[in-house]
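Please look over the sequence and the structure shown below before reading on.

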Amino acid sequence: AGRTNLGELIEPVVPIPPELSLVTPAGDSFDRGMLEGKWTLTYLAGGDCDEPCMKRLVDLRQVRLALGESSLSIERLALITDPGATELAASLEEDFDGMRVALTDAAGGARLLDLLGEGAAGLDRVYILDPMANLMMRYASDAPAKDTLKDMGRLLKASKNWIKGAQYGHN
């Protein structure tokens, strides 16, 4: 009742399954270690990226930049559930400098959408992946970027306090 988040909390959180096959646009195995310990603004896409998709990816870049110094603890990831969309993946990687791009196999993409409990409605949405690789928040496909910015600001502030508390023996 006292929550102030603007995105929808995913309860329980959904871990990215370790068996989910992820590859880079070049066809190499995607290094999940690049995301560990960081908050990740994740866009879940199918096999194409129309104008609203491109706007969301630009929004993610702007959200990260707007967080200033905290942006160093944030990654961006475009996760494409169509393994045949290699041209799209390569194009996104080129057009959005610094954004990670990964493709799943068809079965893995379907399994991830099932875990999220949304099926195809889970596509074309922004998700927040926590530093432990759990999808923990999602936004409607038409949610304004300022909602993501506000939630990320709160999460970053809270997580700094968690780290400080852990240094003093608070669990």
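How many cavities of 30 Å³ or more does the structure hold? In this model, which is predicted, the structure holds 1 cavity of that kind, and about 30 Å³ of space lies in the largest cavity.

The lining of the largest cavity is made up of Arg56, Asp59, Leu60, Val63, Val126, Ala145 and Thr148, and these residues divide into 4 nonpolar, 1 polar and 2 charged. Two or more residues of this lining come from helix H1 (51-66) and likewise from helix H4 (145-167), with H1 giving the largest share, 4 residues.

Turning to the sheet, 7 strands form an open arrangement in the order E1-E7-E6-E3-E4-E5-E2, with mixed pairing. At its edges stand strand E1 (8-15) and strand E2 (22-23), each of which pairs on one side only. Strand E3 (residues 39-45) and strand E4 (residues 74-80) run parallel and are joined by 7 bridges; within this pairing, Ala45 has Ile80 of E4 as its bridge partner.

| Helix | Strands it lies across | Angle |
|---|---|---|
| H1 | E3, E4 and strand E6 (125-129) | about 175 degrees to E3 |
| H2 (residues 86-95) | E4 and strand E5 (100-104) | about 170 degrees to E5 |

Terms used
Residues are numbered from 1 along each chain as its sequence is written. This is a predicted model: local features need pLDDT of at least 70, side-chain atom pairs count only at pLDDT 80 or more; totals for chains, interfaces and linings use all residues. Side-chain values use heavy atoms; hydrogens and water are left out. On a 1 Å grid over the protein atoms alone, a cavity is a set of points where a 1.4 Å probe fits but cannot get out, and a pocket is an open set with protein on both sides within 12 Å along at least five of seven lines; lining residues have an atom within 4 Å of a point. Grid points are joined across faces, edges and corners, and a volume is the space filled by probe spheres set on the points. Ala, Val, Leu, Ile, Met, Phe, Trp, Tyr, Cys and Pro count as nonpolar, Asp, Glu, Lys and Arg as charged, and the others, Gly among them, as polar. Two strands pair if DSSP finds at least two bridges between them. Contact means heavy atoms within 4.5 Å. Axes are lines fitted to C-alpha atoms, for helices over the stretch in contact, and angles run from 0 to 180 degrees between N-to-C directions.
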